[in-house]
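This briefing concerns the structure shown below. The points that follow are grouped by topic.

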Amino acid sequence: MFKTLYEWFWWDRIWLPVNLTWADLEDREGWVYAKASHLYVTVPYALTFLLIRYIFERWIATPLAASAGIRQGALLKAADNPILEHYYTTQCRNPPQVDIDGLSKKSSLSVRQVERWFRRRRIQDRPGVLKKFREASWRFVFYLSAFIGGIVALYDKTWFYDTQEVWRDFPKQSMLESQYWYYILEMSFYGSLLFSVAFDVKRKDFKEQIIHHLATLVLLSFSWCVNYIRIGTLVMLVHDASDIFLESAKLFNYAKWENTCKTLFVLFAMVFMVTRLIIFPFWLIHCTWVYPVQHYPAFFGYYFFNVMLVVLLCLHIFWAYLILCMIRKFMFGTLTRDERSDNEEEEEEESSATEDEGAEQHKLVNGLAAGEKEDKNGCCGGLSPPHNILQSKTVC
């Protein structure tokens with residue numbers, strides 16, 4: 001049965017145009033073609049990327065952050081409480097009022113103390129600026145290196161300037177060494193992002209990011225197997241261009257270089273709109289929809305590849321909407337947070353927890369007993385969120 005499934009999966013008519021078979025893509029007479037077996041190497045390379053990332057973040061990004069005045073913040077940790085901790089880890093991070101009342105009785109704490117414990121516990125799990133800076137530094141270095149490498153690999157290729165050349169003599173197009181390494185390293189990097197998703201900073205567009213990484217890996221893997229390598233390299237180059245400005249804007253924002261951050265964010269928005277909403281659909285997707293059928297009849301792989309490109313385009317439109325929302329708020333002076341960041345509720349929790357800490361310190365200074373009744377203005381009077389995102393909150 002496994003053999004039957006294997007033969008069906010690699011059926012020529014699914015992957016290749018009519019009158020072509022896998023035998024036509026065997027290496028011969030100096031011509032080298034991409035093989036599905038080549039992709040196995042991306043797994044150890046992805047793990048290698050994780051090791052390199054760890055070394056980079058520890059020995060390069062952390063000292064760089066320190067030189068920019070970014071250090072690990074000291075948050076007041078939630079007190080050890082097995083009952084509340086068990087509920088937090090197994091049930092819910094933000095319990096409803098009914099559960100809070102029950103936990104109050106079980107733990108012999110007041111309702112306000114239980115609410116405060118959960119607030120501090122949630123904040124305790126949230127990543128600090130240093131962690132965000134290190135992640136952004138790593139992605140910036142990779143995207144910049146990948147973009148430069150892509151330019152070096154493509155600047156002298158005819159299909160870089162004329163997309164109709166992408167399909168000349170397809171699929172009998174010998175793979176170049178530069179194309180091999182460009183593909184393998186890009187796929188390994190996205191594979192490492194999937195491996196690290198559990199401990200990376202989680203944002204509101206977490207699901208979209210997962211879809212993006214999976215779609216990218218599927219798209220690159222498919223294009224590799226059917227020798228869509230020329231168009232694949234162009235897609236990768238277009239995607240890396242705007243990411244450089246995004247990650248650099250994050251870095252300067254974390255370092256509180258406001259003017260530089262603003263400039264880079266505007267450049268990012270411009271490059272994103274041009275590359276992903278103009279060049280990507282009107283040049284690259286047009287190239288994959290229109291030109292191939294001029295050389296061979298449409299087949300399953302043709303439709304599959306284009307559907308995956310449209311999935312990426314939909315994600316681009318989603319992110320473009322968020323970017324435009326940020327620009328609108330930025331222009332009218334109402335930007336207080338990143339549209340992709342955590343929920344506003346968590347921002348209020350942090351402010352409220354900060355006020356709680358201040359209230360506790362005030363009590364200690366005045367020698368009040370720990371069991372005294374809370375000041376009626378306690379943690380209920382939440383602080384207003386800051387009005388300037390570039391001064392106190394992270395843009396990305």
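Is Tyr88 buried or exposed? Tyr88 counts as buried, because its relative accessibility is 7% and the cut-off for burial is under 20%. The model is predicted, and the values below are computed from it.

**Fold and chain**

- The chain comprises 14 helices and zero strands.
- Read from the N terminus, its elements follow the order α-α-α-α-α-α-α-α-α-α-α-α-α-α.
- Of the contacts between residues at least 6 apart in sequence, 79% join residues at least 24 apart.

**Burial and surface**

- The chain has 396 residues, of which 44% are buried.

**Aromatic pairs**

- The structure contains 41 aromatic pairs.
- One of these pairs joins Tyr88 and Trp117 in an edge-to-face arrangement, with 6.3 Å centre to centre and 85° between the planes.
- Tyr88 belongs to helix α4 (residues 82-90) and Trp117 to helix α6 (residues 111-125), so the pair ties together parts that are 29 residues apart in sequence.
- The arrangement counts as edge-to-face because the angle of 85° is over the cut-off of 60 degrees.
- Trp117 is buried, with a relative accessible area of 7%.

**Charge over a ring**

- Arg58 places its charged end over the ring of Trp59, at 5.4 Å from the ring centre.

Note on methods
Residues are numbered from 1 along each chain as its sequence is written. This is a predicted model: local features need pLDDT of at least 70, side-chain atom pairs count only at pLDDT 80 or more; totals for chains, interfaces and linings use all residues. Side-chain values use heavy atoms; hydrogens and water are left out. Rings of Phe, Tyr and Trp (its six-membered ring) pair if their centres lie within 6.5 Å; planes under 30 degrees apart count as stacked, over 60 as edge-to-face and the rest as tilted. Helices (H or I, at least four residues) and strands (E, at least two) are DSSP runs, numbered from the N terminus. Buried means under 20% relative accessible area, exposed over 50%, partly exposed in between (1.4 Å probe, protein chains only). A charge sits over a ring if NZ of Lys or CZ of Arg is within 6 Å of the ring centre and within 35 degrees of the ring normal. Contact means heavy atoms within 4.5 Å.
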